[in-house]
Amino acid sequence: MITTPEPQGARARQTRYFRARNAGLRYLKVWHIELGHPGGEYSDVGHHLTPPDRHEPTLLTRVLNERTDEFRGACLRCEWEGKPYAGTGWKEGANEAIEEAHDHVFPGWRDLPAMPRPKGRWDMADGQRLLHQITRLYPEGWAEDGGPLLVWPAPRREPHEPPRVNHARYTIGVARPAKNQAGPGTETAEQKVLF
Ligand SMILES: [Zn+2]
């Protein structure tokens, strides 16, 4: 394994991970950005040498042992890292790590209203509708800054979705809407959430 001190921060860790991988070392045990999460591209001479203009959440992972993966939140701009979460179930601990990363970048996100989760695969209309709602219901600039979208319900073990093309934000499932919102499954739930 690599003997140099462990670097801090998502970008530095991602570079270290790929150097270990290129060198044929046991790279899966090195912290790296989870596949599909922001900043996961690779450069051997340094990853995202220029930090993004703003703090940006992402997810780190590593293999702890045969049955356990570890996850922790991280930031693409600074060296902030959350505490590690481990579990033996599939992706167990990943959601807690993602949520902590959002505490770092978007304080207060947990108090925002949740939107009803779109059924099935999201289409363009869903994306437009949700963006419109974020703009109306979330703090000014939230959509532009890549603040998360909260949806409910959150099926057990449903992983939070990383940003993707045409939806530049995490989608975070919450167990139930905030206290002043309707419960899931009611006819008027959406209206109550919206107004
Ligand atoms: Zn940061």
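What distance should the 12 residues of H2 span at 1.5 Å a residue, and how far apart are its end C-alpha atoms?

Modeller: The model is predicted, and what follows should be read with that in mind. At 1.5 Å a residue, H2 should span 16 Å, and its end C-alpha atoms lie 17 Å apart, so the two values agree. The expected span is 1.5 Å times one less than the number of residues, because that is how it is defined.

Helix H2 covers residues 94-105 and lies across strands E2 (57-65), E3 and E4, running at about 10° to E3. Its buried residues are Ala94, Ala97, Ile98, Glu99, Glu100, Ala101, His102 and Val105. The cover over these buried residues includes E2, E3 and E4, together with strand E7 (171-173).

Four strands form an open sheet in the order E1-E2-E3-E4, with antiparallel pairing. Its edge strands are E1 (32-33) and E4 (85-87), each of which pairs on one side only. E2 and E3 run antiparallel and are joined by 8 bridges; they form a hairpin with 2 residues between them. Strand E3 (residues 68-75) also pairs with E4, in the antiparallel sense, over 3 bridges.

As for cover, 7 of the 8 residues of E3 are buried. In a regular strand, the side chains alternate between the two faces of the sheet.

A further helix, H1 (residues 10-22), also packs against part of this sheet: its buried residues meet E1, E2 and E3. Those buried residues are Ala10, Arg11, Arg13, Gln14, Thr15 and Tyr17. H1 has 13 residues and reaches 18 Å from its first C-alpha to its last, close to the 18 Å expected at 1.5 Å a residue. After H1 comes Gly24, whose phi is positive, near 75°.

Met115 is placed in strand E5 (residues 115-116), and Trp152 in strand E6 (residues 149-152). A residue counts as buried if 20 or more other C-beta atoms lie within 10 Å of its own. Met115 is therefore buried, with 22 other C-beta atoms within 10 Å. Trp152 counts as buried because it has 21 C-beta neighbours inside 10 Å. Trp152 and Met115 are 37 residues apart in sequence, yet their C-alpha atoms are 6.3 Å apart in space. Met115 and Gly173 are 58 residues apart in sequence, with 9.5 Å between their C-alpha atoms.

To return to the part requested, H2 lies across E2, E3 and E4, and the strands that cover its buried residues include E7.

Terms used
Residues numbered from 1 in each chain as written. Predicted model: local features only at pLDDT ≥ 70, side-chain atom pairs only at ≥ 80, totals over all residues. Buried ≥ 20, exposed ≤ 12 C-beta atoms within 10 Å, placed from the backbone. Pairing = 2+ DSSP bridges. Contact = placed C-beta atoms within 7 Å. Axes fitted to C-alpha atoms, helices over the stretch in contact; angles between N-to-C directions.
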